[in-house]
Amino acid sequence: MNPEYRSLLMRSNRLLGAQLVEHNLIKLDDLEAANEKLLDLIGGGSPRQRTVLGILAYDLNAVKEEEILLHQRDTDGTGLVDLEHYEVHEEIKASLNVEECWATWSIPFDIEEDMTFIATAYYLSPAVRTFWAERYDDRVLWYGTTLEGIAEYLEKLEGTDEENVSPDAPADAGSAAPEKPNP
């Protein structure tokens, strides 16, 4: 992982965790345990695993993503979006850096006039909001979404979604974002 994106990933996760504690959505002890596990995953885990929110929600069962999404909707007025049926806007695709998206658990998914719509699982992280606001000159409309929504969207962009992965490819053990259920 590029050191620039590693720094962004660390700031994004650290500040998200602090905000989750400050908003009484998790306990400090749970955050400390999640941070320890995150440090291990940053060294060798897949991008899908490098999320303190995923560890808190799926490994430690300390919070539900839905609670966070409803909290930010109610307190900050963010919209909610399901990215499943969205295709990347061509203008965004031309300049999109997927590593930035993984580091911030956010994805610009549409443009209307001069506003960029960004879906994120990390809205509560000031580092994430600042990063994307600077990237798009403060012309951003925020939408909350799940880790799984972000991961599937990014994997589709990278061509690594489950439909494109060889059946012999090893699965990620301990994936923080939940895997797509098998039909």
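The paragraphs that follow walk through this predicted model, starting with the sheet.

The sheet is open and built from 4 strands in the order β1-β4-β3-β2, with mixed pairing. Its edges are β1 (79-80) and β2 (106-112), each of which pairs on one side only. Across the sheet, β1 and β4 run parallel and are joined by 2 bridges; within that pairing, Leu-80 has Gly-144 of β4 as its bridge partner. The pairing of β3 with β4 is also in the parallel sense, over 5 bridges, and here Phe-117 stands opposite Leu-141 in β4. The antiparallel contribution comes from β2 and β3 (residues 115-120), joined by 6 bridges.

The β2–β3 pairing can be followed from one end to the other. Ser-106 has Thr-120 of β3 as its bridge partner, and Glu-112 stands opposite Met-115 in β3. The two strands form a hairpin with 2 residues between them, in which Glu-113 takes a positive phi near 55°.

Is β2, an edge strand, enclosed or open to the outside? Of its 7 residues, 5 are buried, so β2 is largely enclosed by the rest of the structure. Helix α7 (residues 126-135) lies across β2, β3 and β4 (140-144), at about 145° to β4. Helix α8 (residues 147-158) lies across β2 and β3, and runs at about 75° to β2.

In β4, Val-140, Trp-142 and Gly-144 make up the covered face, while Leu-141 and Tyr-143 make up the uncovered one.

Turning to α7 itself, its buried residues are Ala-127, Val-128, Phe-131, Trp-132 and Ala-133. These pack against α1, α6 (98-104), β2, β3 and β4. After the helix comes Asp-137, with a positive phi near 50°.

Leu-15 lies in helix α1 (residues 3-22). Beyond its neighbours within four places in sequence, Leu-15 is in contact with Leu-124, Ser-125, Pro-126 and Ala-127. The C-alpha atoms of Leu-15 and Val-128 are separated by 8.7 Å, although these residues are 113 places apart along the chain. Is Leu-15 buried, exposed or partly exposed? Its relative accessible area is 28%, which lies between the limits of 20% for buried and 50% for exposed, so Leu-15 counts as partly exposed.

The largest nonpolar core has 49 residues, and Ile-107 and Tyr-122 have the most contacts inside it. Not counting residues up to four places away in sequence, Ile-107 touches Leu-83, Leu-96, Cys-101, Phe-117, Ile-118, Ala-119, Ile-150, Tyr-153, Leu-154 and Leu-157. Among these partners is Phe-117, the residue that stands opposite Leu-141 in β4.

A search of the whole structure finds 1 cavity of 30 Å³ or more, and the largest cavity holds about 40 Å³ of space. Its lining consists of Leu-53, Glu-65, Ile-68, Leu-69, Gln-72, Ala-121 and Thr-145. Which helix gives the most to this lining? Helix α4 (residues 65-76) does, with 4 residues.

Definitions and conventions. Residues numbered from 1 in each chain as written. Predicted model: local features only at pLDDT ≥ 70, side-chain atom pairs only at ≥ 80, totals over all residues. Heavy atoms only, no water. Pairing = 2+ DSSP bridges. Contact = heavy atoms within 4.5 Å. Axes fitted to C-alpha atoms, helices over the stretch in contact; angles between N-to-C directions. Buried < 20%, exposed > 50% of the residue type's maximum accessible area, 1.4 Å probe, protein only. Core = buried A, V, L, I, M, F, W, Y, C linked by side-chain atoms within 4.5 Å. 1 Å grid on protein atoms, 1.4 Å probe; cavity = no way out; pocket = protein on both sides within 12 Å on 5 of 7 lines; lining within 4 Å. Points joined across faces, edges and corners; volume = space filled by probe spheres on them.
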